[in-house]
Each structure stands twice: as C-alpha cells, then as structure tokens.
Amino acid sequence: MKKILLSCLIAVFFSAWAAAQSGSTVIKAGYLVDPETGAISKDQIILIEGGKIIQVSDVLKIPKGANVIDLSDQYILPGMMDCHTHLCWHINDKKNDGYVMSIVREPTAYRAIQGVMNAKDMLHAGFTTVRDVGNNGNYADAALRMAIEDGLVEGPTIVNAGRIISPFGGQRWVIPERKDYTQPEYFFADTRDEIKKAIRENIHFGAKVIKLVVDDQKYIYSAEDIAFAKKEANLAGLKLAAHCATDAGARNAIEANVASIEHGFGMTPATMALAAEKQIPFVSTTFSLPVLESLASDLSHTPLEDYTSGVNTLKMAYEHDVFVAFGSDIIGKVPNMDRGAATLTFLKSFQDAGASNLQILQAFTVNSMKTIGLQNERGLIKSGWAADIIAVPADPIKNIETLKQVVFVMKNGKVIKSK
Ligand SMILES: [Zn+2]
C-alpha cells in the first residue's frame, strides 16, 4: 500500500515537473474563427510556446506535460485591436474640467495612472493591441508602453504616437498671453524643419507611430507637408497617421499616401472613392450614443445629430469599398462602464452603418492589424504569430454583440483572464 502511494506521489511529481519543463501550452479550441474569411474550423488544437503560436491543427498530439486549456465549447478568435485610443486621457467629469481644462490641470504622472487603469480594462475586454495616437500629456503613453512591456502592469501591446504634431495651436484656441498652454499636449510644427525636429524628438522619446493633426486650424498641412512628414517617419520605420476633420485635409493626406485617415468626418463621396482607389485605410471613430452623451457638454450638436452624421460617414465608407479599421477615440468616462466596455459600444455604430457582422469583426481585428502594420507579428491565429487569443461563448459571425462577452484573454501566451 505504502509502495503504491509512493509511486503515485512520484508520478504526480514528475508530471508536474514535465509540465514545468515543457513550457508548452495547448488550447483546445472548439470553434476557431478566421476573421479574414469568416470560416470556422471545429476542434482545433493550438500549441503555444515562448509566447508564440507554434502550430494549429486538428490532428496535433498534445505534448507530454503541456498546460492544457479547455475551450472546446467556446469560439476562439485573435485578440481585438483598436487603432485610435487615448489611454492616458480620461476626462474626470466630477472635477468639471471638460475637454480643454484636463490638459492643463492634470499632470503627466496622473495621466499615466489613468492610462494604467484604461490599459488593463481594454485588455480584459479582449483588446490585445491598441494604437495610441497621442493626447497623453508629456509622453505618458511611452511610459505606459514601457511599463507594460516590462511586465509592471497589465495592458495591450501599445503602438504609441508620443506627442501629436500639428500646426500652431494644436486642436485648440490659444491666446497671445498663453500661446503655449496646449503644449506639450501638442507639438507645434509649421515649417519643414520643425516637422522634422518634432518627428525625431518623438521617436527619441519612444513613439512607434507618428500622428499629425492635419486640419484643425484655418491653416492646414499641404499634401507636400504631409508627404515630407511621412518620408521622415518612414525613414525610421514608423508609419504616419493623419487626423483629418475636413474634406480638404483628407484629400491632402490621401495624396500623400498616409498609413491611415483618422476620423474623416468631412469626407465627401469623391474623397471616399479616392481613399478606396488608393487603398488608404479609414480609421472610423464613429462614437456610439452612450459615448456622445458622456461628452454632451463639449459638443456643438446634440448627441443624436452627431451620431447620425458619424454613422452616415461610416456607411459612405462601406458603400465606396473603403478599407475600414476601428478606432474608439474615447477620452472620457461613460457612466457605469470601464474603457473596455465603452469601446465595445461602438459595435452598434457599425451595425447602424449597415456593416455585416463579418465586416465588423474584420474592422475590429485583421483590418486594424494591417492598418497598424503588424503583419506576421500579431493579430491572427497562425504559427509564428504572437499568442494573442480571446474566446467568446457564441458565434460572432451570427451575433457580433457576443464580442461584449469575452471570457478568455491570452496575450503573448500568458493567460490574462479565464472562465
Ligand atoms: Zn483622437
């Protein structure tokens, strides 16, 4: 009897030891969804080692000692992506600061702490990668990215912009006595030399993408200015994202072949057609009604008027076969929702714009991956790619709202959330 007990104990010990040694994780994926095609493969085995996907197969033999995660009754997808976040901006309505005052009353350290909270909430909602496009004080986004990469705090992979580069004034009105108050939030750059200097300084301080605000003043960047900035960013391996609020700004950005048009609010059908022809991604930031209602005091229209106009722009993009990626652009607090839940309210904006469930899933996954430029790195469940994997309880191609019920999140092979 004693001998049997001893051999049992030895067996338990060795199987635990083997699991620790193998370092392999296996996910039993009941329904593996490919967002590129909408195809669903049943009963797949995903082998993960060293944070990467090693193999995906239905005949894979599970390695001895592997950590097995049973998701055989779940729908498995690559982690979602959001191309346009401002994680270190979380307007605190209780302080009655509003849109403008938060950038002068909240120091960068506080902004970084806001970012820690929002990054965690995004990851737990299923967003394993975000592109953060500025408005983070004095490089709080770079600090947040580094802290996540170093494992100090939980959050998505971040591709961050550093300070937003813009013509004098940024996105605000300034007065002669306080002409610098919107810096460092914005990096004023009017001449080519200033643009080059701003890009280089951003890269030095940790930017991984360059963001230009093209047209929020009466003077806007020309197509030549934007092409100059793009060339400078590209030389260092960074892409250029262009905030465009007017049709003229979007035209200039498209002419300069930017990596993405952000917002595109004022785009006419002809400009949409040009974006489609040149295959320039359109990052839709079509605010949902709950998000617009939370910003109501800063809007010049009613939330419903703004919602309808945003939805119509997105509809126009789909009608013109524009390549659409997803951006949330949330900067505030939606009552009773964290940043992740608020971000997922945008599914409704896409539905109301007439996008199919597959189109919506693509905007929230592969199209954003391609817009950020993460091909062969992360964003698909394929061998050699990062193990960024989520699970939902139902088929998102039949019911896209199921993306609000992410039950499992893995980032770089590490389980962040499980059933
Ligand atoms: Zn934005």
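The following conversation explains some terms used for this predicted model.

Author: Residues are numbered from 1 along each chain as its sequence is written, and side-chain values use heavy atoms, with hydrogens and water left out. Because the model is predicted, local features need pLDDT of at least 70 and side-chain atom pairs count only at pLDDT 80 or more, while totals for chains, interfaces and linings use all residues.

Reader: What makes β1 and β4 a pair?

Author: Strands are DSSP runs of E with at least two residues, helices are runs of H or I with at least four, and both are numbered from the N terminus. Two strands pair if DSSP finds at least two bridges between them; β1 (residues 24–33) and β4 (residues 67–78) have 7 bridges in the parallel sense, so they pair by that definition. Within this pair, Leu-32 stands opposite Ile-76 in β4. With β15 (residues 389–392), β4 pairs in the antiparallel sense over 4 bridges, and there Pro-78 has Ile-389 as its bridge partner.

Reader: Why are β3 and β17 said to stand at the edges of the sheet?

Author: The open sheet has 7 strands in the order β3-β2-β1-β4-β15-β16-β17, with mixed pairing. Both β3 (52–57) and β17 (414–417) have a single partner strand, so one side of each is left without a neighbour in the sheet.

Reader: Which residues coordinate the zinc ion, and what makes an atom a donor?

Author: A donor is an N, O or S atom within 2.8 Å of the metal (3.2 Å for Na, K and Ca), and sites may look incomplete because water is not among the atoms. His-84 (NE2), His-86 (NE2) and Asp-329 (OD) coordinate the zinc ion at 2.1 Å, so these atoms meet the cut-off. His-86 lies in the loop between β5 (80–85) and α2 (98–105), and Asp-329 in the loop between β14 (324–326) and α11 (339–344), so the pair ties together parts that are 243 residues apart in sequence.

Reader: Which residues of α5 are buried, and which are exposed?

Author: Ile-195, Ala-198, Ile-199 and Asn-202 are buried, meaning under 20% relative accessible area, where exposed is over 50% and partly exposed lies in between (1.4 Å probe, protein chains only). On the other side of α5, Asp-193, Lys-197 and His-204 are exposed.
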